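Keep the picture open beside you and look for each residue as it comes up.

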Amino acid sequence: MNSELNNIINVCNYISRSKSAEEIDIVLIEELSELIKVVSKLERWTFGDEFLRCEYKDIMDNAYEELADVIIMMFQFIHKNEIQEPDLLNKISEKLIRYFETKTEEK
């Protein structure tokens, strides 16, 4: 899995070299909005929305596609904006620690 992820990151970095930061920002926003639509449809399906005109399998297939698009654009965004991976990983760790501290305080 780690080598597959590294390959994906390398390809995304390669792709980002041919794009402007503005182009990456705009496409990332578009892909995030598509993912939001899928999440909304999944919620509607979960709550039995009778007006929803798709099946669960179709929603999930679309979720995988939109998640992949967002992840690809996130890697391009990280590369294009020269976001340092150790700093990003530290920030992610801090957020996760705060999350679990908050959850244990709630109990």
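Lys-80 sits in helix H3, where a helix here is a DSSP run of H or I with at least four residues, numbered from the N terminus. Its relative accessibility is 27%, so Lys-80 counts as partly exposed. The cut-offs go like this: buried means under 20% relative accessible area, exposed means over 50%, and partly exposed is in between, using a 1.4 Å probe and protein chains only.

Before we go on, keep in mind that this is a predicted model, in which local features need pLDDT of at least 70 and side-chain atom pairs count only at pLDDT 80 or more, while totals for chains, interfaces and linings use all residues. Residues are numbered from 1 along each chain as its sequence is written, and side-chain values use heavy atoms, with hydrogens and water left out.

Now, back to Lys-80. Arg-17 is 63 residues away from Lys-80 in sequence, yet their C-alpha atoms are 7.3 Å apart in space. Ser-18 is 62 residues from Lys-80 along the chain, with 9.9 Å between the C-alpha atoms. You'll find Ser-18 in the loop between H1 and H2, and with a relative accessible area of 63% it is exposed.

Is Glu-82 buried or exposed? At 65% relative accessibility, it counts as exposed. Its backbone is worth a look too: phi of Glu-82 is near 50°, a positive value in a residue other than glycine. For background, most residues other than glycine have a negative phi.

(The expected span is 1.5 Å times one less than the number of residues.) Which residues of H1 are buried? They are Ile-9, Cys-12, Asn-13 and Ser-16. Seen down the axis of H1, the buried residues fall within an arc of 100°, so they line one face of the helix; the arc is taken from the directions from the helix axis to the C-beta atoms. Over on the other side of H1, Ser-3 and Tyr-14 are exposed.

Finally, how do two helices sit together? Packed helices are described by the angle between their axes and the distance between the axes. The axes of H2 (residues 21-46) and H3 (residues 56-80) come within 9 Å and cross at roughly 155°. That makes H2 roughly antiparallel to H3, since angles over 145 degrees count as roughly antiparallel, under 35 as roughly parallel, 65 to 115 as roughly perpendicular and the rest as oblique. By class, the contact of H2 with H3 has 18 nonpolar, two polar and seven charged residues.

Glu-23 is found in helix H2, and at 37% relative accessibility it counts as partly exposed. Lys-41 lies in helix H2 as well, and with a relative accessible area of 39% it is partly exposed.

Technical notes. Axes fitted to C-alpha atoms, helices over the stretch in contact; angles between N-to-C directions. Helix = DSSP H or I, 4+ residues; strand = E, 2+ residues; numbered from the N terminus. Nonpolar A, V, L, I, M, F, W, Y, C, P; charged D, E, K, R; others polar.
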